[in-house]
Amino acid sequence: MSDEITSTLQENRVFEPSARFLAEIGPLVVPDMAAYWRMYRQSIDDPATFWGEIARDFRWYRPFDTVVEWKAPDAKWFVGGTTNVCANCIDRQVDAGHGDDAAIVWEGEPCAPQPEVRTLTYNDLLREVSRTANALKALGVRRGDIVTIYMGMVPELTIAMLACARIGAPHSVIFGGFAPNAIVDRVRDAKSKIIITCDGAWRRGQVVALKKNVDDACEKLPEVEHVLVVRRTGEPVTMHTPRDQWWHALVAQQSTDCPCEALDSEDLLFLLYTSGSTGKPKGICHTVGGYMVYTAYTAKTTFNLVAGSNHVYFCTADIGWITGHSYIVYGMLPNRVPTLMYEGAPNFPAEDRFWAMIARHKVTHFYTAPTAIRAFMKWGDAHPAKHDLSSLLLLGTVGEPINPEAWIWYHQHIGASRCPIVDTMWQTETGGHIITPLPGCTPTVPGSCTLAFFGIDAAIVNEKGEELPPNQGGLLVIRKPWPGMLRGIHGDRERFIETYWSKVAGMYVAGDGARRDKRGYFWIMGRIDDVINVSGHRLGTMEIESALVSHPAVVEAAVVGMPHEIKGTGIAAFVTLAPSFTGTADDSLRKQLAEHVTKEIGAIARPDIIRFTALLPKTRSGKIMRRLLRDIAAGRDSTQDTTTLEDFTVLAKLRESDE
């Protein structure tokens, strides 16, 4: 049986930065590939010098003695140094005379008669974060106490996070799409005694009952002593005295003077739980110094941010996920570029909401997920076409590999064929980008995340740790420490080692199947769990999906394994057709698509079944829930966690549909 992952999907289109981008983006952080390779080699061969110089630009109360200490799997960064992330996000900007600069531009979902917009300057943040920090202290929160935050995408969410960072109380943000049982699991694991929430949150014109969910969770959480509630929607909620207090009443009466705690570089900054779809949720631990330096530097470099310029940055992620932590809050504020924060759905009140926002706020940097891009494609070219997107300079993708045809659509219809696309690969565990193009520097290839970021010694290896030749699929690993890396799983050392460090001795295993092409570019082929073993050949699901999406009739596809009496495992494809397709979803089209995959990849990748569906089961963050599709393809009832599923009717329709 072969251990290789079959990988023959080819992509030969190469895109260089446009002249307009180079003229308008401002000074390049990394000017060319010669500079990239020089900096990359130093970051790998002499990380102490490389990261030490970058870290010294931040505010330290006590300078660090040692840049890095490493004994796999444990790293310590900026050892002996004390600092505060909140001080580097806010106070440093105010002290430098930039207090009146815009830090956060927020837009609410309701837009009648016009959108609600709030702009918070660094002065505003300093005042509100200090008051909130003092309110937390008044509720008994002390340094080291973990504060759970379960909120909608409102400015108070960012303020609460920064307030926790200011006083040394790690935060645990729970995505607002989770149900009460998921809240219970995470609060109990973190041993939180306080939850910050909202009365509700707006989503597609409806109110999500956040406070009610917290109330239901608290019935199983007698240890929760305080619930602090932001009034957002005005919907009536039950306030339980003395446990519950209104944010506006408590915070307003606090002093605006709250000095930052001097925290050790390796103190815990936050926990962030993975979804828990396969067992108990994992509380990923990130610490103060390394995460602070890495997120700010990756943000500056990957997006080529220029402080004090005309840049306006818009990331569409929810702060309940790592992308929001790193690239709405902690990576952006130290770089002094306004970050646009949006409360609601991309298709409310219409499917052009994002494009209207880009035009309204003159957004220059737009960062979204491939699943969203495929939805935009499905909704049609007319929506972006009716808005002025000429302010855009740079596009980015995050969350999963992007199909080449979705990349091309994004490039043409959103970027007008002039904006570079940074296809970023990283994880909750890595803290920030680990493989990504650098704009104005890296020639890009649709579907490839290109080259490793500074300090990331990435490789494709077999299970013995032997590096594999070009275009041979294997395990994506990182062989040396980097500042943003996770420090553990909260309360579970054994699981930390088993999950990330047991497959290949001494190397961090990302959990992705990947390959490198002849130019050295990385291609992510899907999670290891999403590799299908067909007759002894291991196939990456992402490449089969890309082959399907490259057919003009298809806008989105999800591929999973299914039981097959001859092959052992067969290939099931769930396909959403493009709105421009005028034919019939029938056996003839199934045959066309199967032959197209055969032509693109080979006969071994030919789907055994193809099912047409108007929608795929997705989380509210836009990720396809392939584990649910596996159950459907296998014809079995699912017992899996569906707390993050956005539309439960999708599963019922899929089960009812014929092949």
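Mentor: The discussion below concerns a predicted model.

Trainee: What is the strand order in the open sheet of 7 strands?

Mentor: The order is E7-E6-E19-E18-E20-E21-E22, and the pairing is mixed. Strand E7 (117-121) and strand E22 (421-423) are the edge strands, each pairing on one side only. On average, neighbouring strands are turned by 20 degrees against each other, direction ignored.

Trainee: And how many bridges join E21 to E22?

Mentor: Strand E21 (residues 394-397) is joined to E22 by 3 bridges, and the two run parallel. Leu395 stands opposite Ile421 in E22.

Trainee: Which strands does helix H11 lie across?

Mentor: Helix H11 (residues 322-330) lies across strands E18 (313-315), E19 (339-342) and E20 (365-368), and runs at about 175 degrees to E18.

Trainee: Changing topic, how many salt bridges are there?

Mentor: The count comes to 33. One of them joins the side chains of Glu343 and Arg232, at 2.8 Å from N to O. Glu343 lies in the loop between E19 and helix H12 (353-361), and Arg232 in the loop between strands E13 (226-230) and E14 (244-246), so the pair ties together parts 111 residues apart in sequence.

Trainee: Are Glu343 and Arg232 buried or exposed?

Mentor: Both Glu343 and Arg232 are buried.

Trainee: What about Arg487 and Glu266?

Mentor: Their side chains meet in a salt bridge of 2.9 Å, N to O, and the two residues are 221 residues apart. Arg487 is buried, at 16% relative accessible area, whereas Glu266 is partly exposed at 21%.

Trainee: Which residues are linked in a network of salt bridges?

Mentor: Arg374, Glu400, Glu545, Glu556, Lys618 and Arg626 are linked in this way.

Key: Residues numbered from 1 in each chain as written. Predicted model: local features only at pLDDT ≥ 70, side-chain atom pairs only at ≥ 80, totals over all residues. Heavy atoms only, no water. Pairing = 2+ DSSP bridges. Helix = DSSP H or I, 4+ residues; strand = E, 2+ residues; numbered from the N terminus. Axes fitted to C-alpha atoms, helices over the stretch in contact; angles between N-to-C directions. Contact = heavy atoms within 4.5 Å. Salt bridge = Lys/Arg side-chain N within 4 Å of Asp/Glu carboxyl O. Buried < 20%, exposed > 50% of the residue type's maximum accessible area, 1.4 Å probe, protein only.
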